[in-house]
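Dear colleague,

I am passing this structure on to you, with some notes on what was found in it. Please read them with the structure open beside you.

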Amino acid sequence: MSVAVDASTQAKEQTTKDLSVQAESKISFAPGVEPTKEELDRVCTQWNQHLGEILFSESAIQQKVKEMAAQISKDYAAILKPDEVLVCVPVLKGAFVFAADLLRHLTIPYEIDFLNVSSYGAGTETSGEVTLLSPLRTPLKGRHVLLIEDLMDTGLTLAWADKYLKAQEPASLRLGVLLHKHGRARVNMTLDYFGFHCPNKFVIGYGMDYAQQYRCLPYVCVLKPSGYAKKAE
Ligand code: PRP
C-alpha cells in the first residue's frame, strides 16, 4: 500500500491518503479543458497544434505549489536546528520547473543539488531501467534531504532515487511530488508532499516532455495524437 500526504491541507495526521489500487479506483477526475486561444498563442506555433486538453491549469498549479511550499516550510522549521540547512534534490530534467517555483516559496534555509537520471528516453513508456546520468556532488550524510519530482508514474524513478539517496545516510529523506499518475504504480512509495492525482494519460508541460519538447508550458496538458513522432514505415 502506498500512502501520501496531501499538502493542500495543513494537519498531516488528518490528510494521510490511501493510494492503494482499491482507494485509487474511487478517485474521479474533472474533465480537462481545451486550451484557449490565449493559452495557445503563448507557445510556438509548431507546438500549439498538438496541445490537447489542459488537466492542470497554470493557476491551479501555482496555488498548489504555494500550499506545498507552506507545508514544507512549516515542517522543516520544526526539524532543522539553527545551524542546519535543508538539501533540496530535484530530479532532472522533469522536476526543474516545479522545483524552481516550489523553492522560491520556501521560508526555511536550503541549498540545491540535482539528481540527473532518466528512464524514458524518447518514448512514452518507461524503459523500466533508471540510468544515473551524473552523480550528486553534495555530501548528504547526516543532513535533512527533500527529493523533488514532477511526476510519479510507475514509481521506478522515485524508488531508485530513494534508495540512492538513503545509501548516503541522510538524517532524514522526504519525497515531494507534484503529480501521481492514477493506477500506474509498480512500487509502494510514501509521498510526504503531494500535489495532484493525474489521470492515466500521457501528459506534457510544467517540466514534462515528449521527446524533450514542451517542458516549459506553464500548465499540464495532454499531447494530441498528431504530436507523436511518426515512425518510419
Ligand atoms: C519522468 C519524470 C519522472 C519519471 C517518472 O522522467 O520526470 O522522473 O519519468 O516515471 P516513473 O515513475 O515511471 O519512473 P524521465 O525519465 O522521462 O526523464 P526526464 O525527467 O529527463 O524527462
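Helices (H or I, at least four residues) and strands (E, at least two) are taken as DSSP runs and numbered from the N terminus. The model is a predicted one, in which local features need pLDDT of at least 70 and side-chain atom pairs count only at pLDDT 80 or more, while totals for chains, interfaces and linings use all residues. Residues are numbered from 1 along each chain as its sequence is written, and side-chain values use heavy atoms, with hydrogens and water left out.

The ligand has 17 residues around it, of which G94, E149, T154, G155 and T157 come nearest, where being near means having a heavy atom within 4 Å. Among the polar contacts (pairs of N or O atoms within 3.5 Å), a backbone N or O atom of G94 lies 2.8 Å from a ligand oxygen, and a polar side-chain atom of R215 lies 2.9 Å from an oxygen atom of the ligand. Strand 8 contributes the most to this shell, with 4 residues.

Helix 6, which spans residues 156-166, contains D162. This residue counts as buried because its relative accessibility is 13%, the limit for buried being under 20% relative accessible area, with exposed over 50% and partly exposed in between (1.4 Å probe, protein chains only). Apart from its neighbours within four places in sequence, D162 is in contact (heavy atoms within 4.5 Å) with L147, L173, L175 and M189.

With C221 at 0% relative accessibility, that cysteine counts as buried, whereas C44, at 32%, counts as partly exposed.

With kind regards

How values were computed. Polar contact = N/O pair within 3.5 Å; in protein donor to acceptor, adjacent residues only side chain to side chain.
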